[in-house]
Amino acid sequence: MAELKTSYLGLPIKNPLVAGASPFTLQLDVVRQLEDSGAGAVVMHSLFEEEITHESLELDYFLNKGTESQPEAQTYLPEPRNIETVADKYIAQLRKIKESVEIPVIASLNGTTPGGWVRLARELQAAGADALELNIYTLVTDPTLSSDQVEKNYISLIQEVCKHVSIPVAVKLSPFLTTLPRFLARAYKAGAEGFVLFNRFMQPAFDIESLEVERKARLSTSADLALPARWIAIASSQLEADFALSGGVHSPEDMVKAIMAGAKVSYVVSALLANGVKFAERLLKGLNAWMDKNGYESVEKMRGTLRLDKIENPAAYERANYLRTLKSFDERVL
Ligand SMILES: Cc1cc2nc3c(=O)[nH]c(=O)nc-3n(C[C@H](O)[C@H](O)[C@H](O)COP(=O)(O)O)c2cc1C
């Protein structure tokens with residue numbers, strides 16, 4: 001039996017399979033099943049800034065509206081301190097999860113402005129989160145914003161949060177940053193200990209009959225693995241930080257690829273949504289069998305064997321190879 005132990009963000013983890021941020025953590029039973037099926041750690045669904053902002057605007061509106069029109073309406077309204085907010089519910093769920101399982105639990109914040117995030121990050125730490133994932137997930141549509149401004153905002157958010165918590169912080173990014181290696185280096189300097197590559201934007205679906213655009217969550221396939229694997233192979237050769245691969249892990253071989261690229265852990269979401277959380281058990285059994293068959297005694301030893309600086313042909317990760325790949329198609333077509 002191969003040794004699957006690993007560590008992530010300084011946390012000892014029994015194996016590299018982590019249940020990534022998803023609705024799994026809305027139900028305690030499901031989190032317990034994930035632990036029973038062998039998951040090494042679990043990331044909670046994100047607490048979204050929009051939800052909190054929307055909620056507090058709504059609350060302000062109703063409290064003020066009531067008091068302006070009918071002073072006596074004040075008595076019907078709950079005291080603000082007695083209202084359970086989205087954040088309170090999230091923190092309560094985190095506490096319950098921490099009481100129910102022994103594996104590390106990573107809380108996830110989705111925010112774009114520093115302000116309240118520092119307070120929330122501290123509350124999540126106090127509620128027992130083993131680590132914090134900052135899910136920086138914005139689609140920049142403002143044509144006046146420069147990439148430098150956007151990145152500066154991200155870095156100051158990361159810096160602020162890291163300054164105010166003692167638990168490790170990982171940053172989950174989208175693949176659409178122009179100069180990812182530089183951004184990662186700056187974020188690492190700002191205090192992030194790890195990076196989750198990548199988050200996935202929900203792409204709009206165009207209904208050409210009703211002329212509507214809907215938001216649809218598409219599950220990934222193994223074909224989605226190439227993008228995060230490539231970037232982890234590059235970035236883990238440049239930075240000491242921990243990397244989690246997120247996107248396209250559907251088989252034991254996909255887990256092997258993630259580890260060989262240099263990831264400390266591989267996140268799995270779509271595969272568990274599609275096959276049920278017990279599928280984690282099959283992934284881990286398969287990983288063990290593959291490692292035994294191919295003579296790898298531990299995940300530690302297997303890690304990074306396909307990193308940019310370890311392979312004979314680093315151009316495979318770079319644009320130089322693009323030409324050759326296109327030519328291979330030319331030969332088949334012509
Ligand atoms: C239904 C669903 C809900 C998700 N919710 C979150 C979330 O709350 N926070 C987050 O950071 N990522 C969320 N994700 C993204 C996943 O954590 C993951 O990054 C992405 O699905 C790629 O991994 P996969 O290929 O294993 O699915 C969600 C994904 C799905 C499919």
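This is a predicted model: local features need pLDDT of at least 70, side-chain atom pairs count only at pLDDT 80 or more; totals for chains, interfaces and linings use all residues.
Figure 1. Lysine 172 places a polar side-chain atom 2.9 Å from an oxygen atom of the ligand. In serine 220, a side-chain N or O atom is 2.5 Å from a ligand oxygen atom. For serine 270, the distance between a side-chain N or O atom and an oxygen atom of the ligand is 2.5 Å. On its own the ligand has 610 Å² of accessible area, of which the protein covers 89%.

**Figure 2. The pocket and the shell around the ligand.** The ligand takes up the space of the largest pocket. Strand E4 supplies the largest share, 3 residues. In total, 20 residues surround the ligand, and the closest are Ala21, Ser46, Ser220, Gly248 and Ser270. Sorted by class, the shell consists of 10 polar, 8 nonpolar and 2 charged residues.

Figure 3. The structure contains 4 aromatic pairs. One of them joins tyrosine 154 and phenylalanine 183 in an edge-to-face arrangement, with 6.1 Å from centre to centre and 85 degrees between the planes.

**Figure 4. A cis peptide bond at phenylalanine 198.** Most peptide bonds are trans. The bond from leucine 197 to phenylalanine 198 is cis, and its omega is near 5 degrees. Phenylalanine 198 is located in the loop between strand E8 (194–197) and strand E9 (204–207).

**Figure 5. A positive phi at leucine 9.** Most residues other than glycine have a negative phi. Leucine 9 is not a glycine, yet its phi is positive, at about 55 degrees. The loop that holds leucine 9 runs between strand E1 (6–8) and strand E2 (11–13).

Conventions
Residues are numbered from 1 along each chain as its sequence is written. Side-chain values use heavy atoms; hydrogens and water are left out. A residue is near a molecule or strand if one of its heavy atoms lies within 4 Å of it. A polar contact is a pair of N or O atoms within 3.5 Å; within protein, one must be able to donate a hydrogen and the other to accept it, and residues adjacent in sequence count only if both atoms are side-chain atoms. Accessible areas come from the Shrake-Rupley method with a 1.4 Å probe; for residues, only the protein chains shown count as cover. On a 1 Å grid over the protein atoms alone, a cavity is a set of points where a 1.4 Å probe fits but cannot get out, and a pocket is an open set with protein on both sides within 12 Å along at least five of seven lines; lining residues have an atom within 4 Å of a point. A molecule sits in a cavity or pocket if more than half of its atoms lie within 2 Å of its grid points. Helices (H or I, at least four residues) and strands (E, at least two) are DSSP runs, numbered from the N terminus. Ala, Val, Leu, Ile, Met, Phe, Trp, Tyr, Cys and Pro count as nonpolar, Asp, Glu, Lys and Arg as charged, and the others, Gly among them, as polar. Rings of Phe, Tyr and Trp (its six-membered ring) pair if their centres lie within 6.5 Å; planes under 30 degrees apart count as stacked, over 60 as edge-to-face and the rest as tilted.
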